[in-house]
Amino acid sequence: MRIPTSIKLHKASRTLELHYGSDAYELSAEFLRVHSPSAEVQGHGKPILQTGKLNVALVGIEPAGNYALKLTFDDGHDSGLFSWDYLYQLAIRHDELWRDYLAQLAAAGKSRDPDESVVRLML
């Protein structure tokens with residue numbers, strides 16, 4: 001189990017900074033929100049694509065025992081417990097997971113922007 005040696009919430013940039021020894025990772029609130037381990041997002045084995053989370057912010061973090069963080073987002077989502085192992089996987093696999101998420105959005109014709117609707121024309 002990889003436990004961060006330092007955790008910092010940067011509200012202005014909407015990021016969570018995690019340090020593992022000399023390695024540092026910054027995860028955006030949007031990235032964390034769309035990859036929440038909650039049932040609302042993970043869908044009991046069939047993940048539910050999260051859309052319109054471009055402007056979401058983290059408003060709080062708190063420890064959940066000695067094994068996880070509870071993250072609170074400004075859209076009211078606070079039900080996922082981010083275990084130390086899960087946070088580490090999100091950090092080291094960030095680029096791959098983000099690419100996959102953007103591809104899923106494109107395939108579904110959805111947007112990161114809550115004020116934008118994507119219209120597909122069939123010609």
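What follows is a short chat about how some labels on this predicted model come about.

Reader: What makes His35 buried rather than exposed?
Author: Its relative accessible area is 12%. Buried means under 20%, so His35 gets that label.

Reader: And where does His35 lie, and which residues is it in contact with?
Author: His35 lies in the loop between helix 1 (29-34) and helix 2 (39-42). Setting aside neighbours within four places in sequence, it is in contact with Gln42, Phe82, Tyr86, Leu90, Leu97 and Tyr101. Contact here means heavy atoms within 4.5 Å.

Reader: Why is Tyr86 called partly exposed?
Author: Tyr86 has a relative accessible area of 23%. Buried needs under 20% and exposed needs over 50%, so Tyr86 falls in between and is partly exposed.

Reader: Which residues does Tyr86 touch, and where is it found?
Author: Tyr86 is found in helix 3. Not counting residues up to four places away in sequence, it touches His35, Ser36, Pro37 and Gln42. As for Ala64, the C-alpha atoms of Tyr86 and Ala64 are separated by 14 Å, with the two residues 22 apart along the chain.

Reader: How do you know that strand 1 and strand 2 pair?
Author: Pairing takes at least two bridges. Five bridges join strand 1 to strand 2 (residues 15-20), so the two count as paired, and they run antiparallel.

Reader: What makes strand 1 and strand 3 edge strands?
Author: Three strands form an open sheet in the order 1-2-3, with antiparallel pairing. Strand 1 (6-10) and strand 3 (23-28) each have a single partner strand, so one side of each is left without a neighbour in the sheet. Neighbouring strands here are turned by 15 degrees against each other on average, direction ignored.

Reader: Which helix packs on that sheet?
Author: Helix 3 (residues 84-92) does, touching strand 1, strand 2 and strand 3. The direction of helix 3 makes about 90 degrees with that of strand 3.

Reader: How do you know that strand 4 and strand 5 pair?
Author: Same test: at least two bridges are needed. Strand 4 (residues 58-64) and strand 5 (residues 68-73) have six, so they pair, in the antiparallel sense. Ala64 stands opposite Ala68 in strand 5. The two strands form a hairpin with three residues between them, and Gly65 in the turn has a positive phi of about 65 degrees.

Reader: What joins strand 5 to strand 6?
Author: Three bridges do, with strand 6 (residues 81-83) running antiparallel to strand 5. Leu69 stands opposite Phe82 in strand 6.

Terms used. Residues are numbered from 1 along each chain as its sequence is written. This is a predicted model: local features need pLDDT of at least 70, side-chain atom pairs count only at pLDDT 80 or more; totals for chains, interfaces and linings use all residues. Side-chain values use heavy atoms; hydrogens and water are left out. Helices (H or I, at least four residues) and strands (E, at least two) are DSSP runs, numbered from the N terminus. Axes are lines fitted to C-alpha atoms, for helices over the stretch in contact, and angles run from 0 to 180 degrees between N-to-C directions. Buried means under 20% relative accessible area, exposed over 50%, partly exposed in between (1.4 Å probe, protein chains only).
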